[in-house]
Amino acid sequence: MSADKSYWRKPNPHCGDNMVRGIFRDYPATRMFDNMYFIGNDMEACYLFDTKDGLFMIDCMDQGFFSYIEDGIKSLGFDPADLKYILVTHGHGDHYGDSNLFRDKYGTKIMINKIDEEYAMDPTRKRPPHRPALDYRMDEYFEDDDVFSMGDTRVQIYHTPGHTPGCCSFIFNVSDCGREYKLAMWGGTGAPRSLEERRQQLASCDRFAEIAAKEGVSGEVSNHPFVDNTIERLDVLRNIVDGTPHPFITGYEGYRSVELMYRDMYVNSIENFGNEPVPPFLQQPAK
């Protein structure tokens, strides 16, 4: 047996340009489970749920994607007028997107943690120039340990601050040909700006890990598909043959692997605090 301890995998870490190469590659809206569908690209995603009481969606992509999502819903055979709720994981513009346009056109209700509504509306917070402050109120609000139910689908909601003050992560039930599973969605991917927020994010990650273990989570999805090879796994689903395991049902061990990836990101963000490049919109103007 070889004593070589090198691994066959080529290093492909979640950092810098490597995280976002090839972004905004459109992808067809795709059915994932009996009750759940993907709409998005390789940078941002929302997830549509079909219930006997109508449709709801988790996240809404970025501002400017209203027609993209609307067309995606129609391509799946649904009427956007049946979209009753949008649950927003956190108060960044690439997650609440144009949710207000669905409300204006279809009467869809928007939900978020109240803390992040205030965060998103704060005019003093520095943000990229293409993402102005939120200029409308949501309809309803969820808090830690709340449950959103529609039909036979339940979304368990947990406050996981750090990425944003009111960021929330979800655990929800799906079924594959009638077999029931629980999936998790970690609410906020990237490390925040301050050291205190990064420590808070790490603590939230550890708390959510304990919850997921207790709840028997056996898979995950991300609202940023580049993080966990969502697109590549959707390719498998679109061409799946009998006997092939569902690529999003990985068992707890597989889920834990993704969970530890996030944890490593946040530990590294704390260890490297102050040594990363400063985004252009946060840089001080030259004198």
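Let's start with Val155: at 0% relative accessibility it counts as buried, because buried means under 20% relative accessible area, with a 1.4 Å probe and protein chains only. Val155 sits in strand 9, strands being DSSP runs of E with at least two residues and helices runs of H or I with at least four, numbered from the N terminus. Leaving out residues up to four places away in sequence, Val155 touches Phe56, Leu87, Asp146, Val147, Phe148, Phe170, Ile171 and Phe172, where contact means heavy atoms within 4.5 Å.

A quick word on the source: this is a predicted model, where local features need pLDDT of at least 70 and side-chain atom pairs count only at pLDDT 80 or more, while totals for chains, interfaces and linings use all residues. Residues are numbered from 1 along each chain as its sequence is written, and side-chain values use heavy atoms, with hydrogens and water left out.

Just after helix 6, Gly216 takes a positive phi of about 75°.

Now, which residues make the contact between helix 2 and helix 4? From helix 2 they are Phe66, Ile69, Glu70 and Ile73, and from helix 4 Leu101, Phe102, Lys105 and Tyr106. They divide into six nonpolar, no polar and two charged, with Ala, Val, Leu, Ile, Met, Phe, Trp, Tyr, Cys and Pro taken as nonpolar, Asp, Glu, Lys and Arg as charged, and the others, Gly among them, as polar. Thanks, everyone!

Terms used. Buried < 20%, exposed > 50% of the residue type's maximum accessible area, 1.4 Å probe, protein only.
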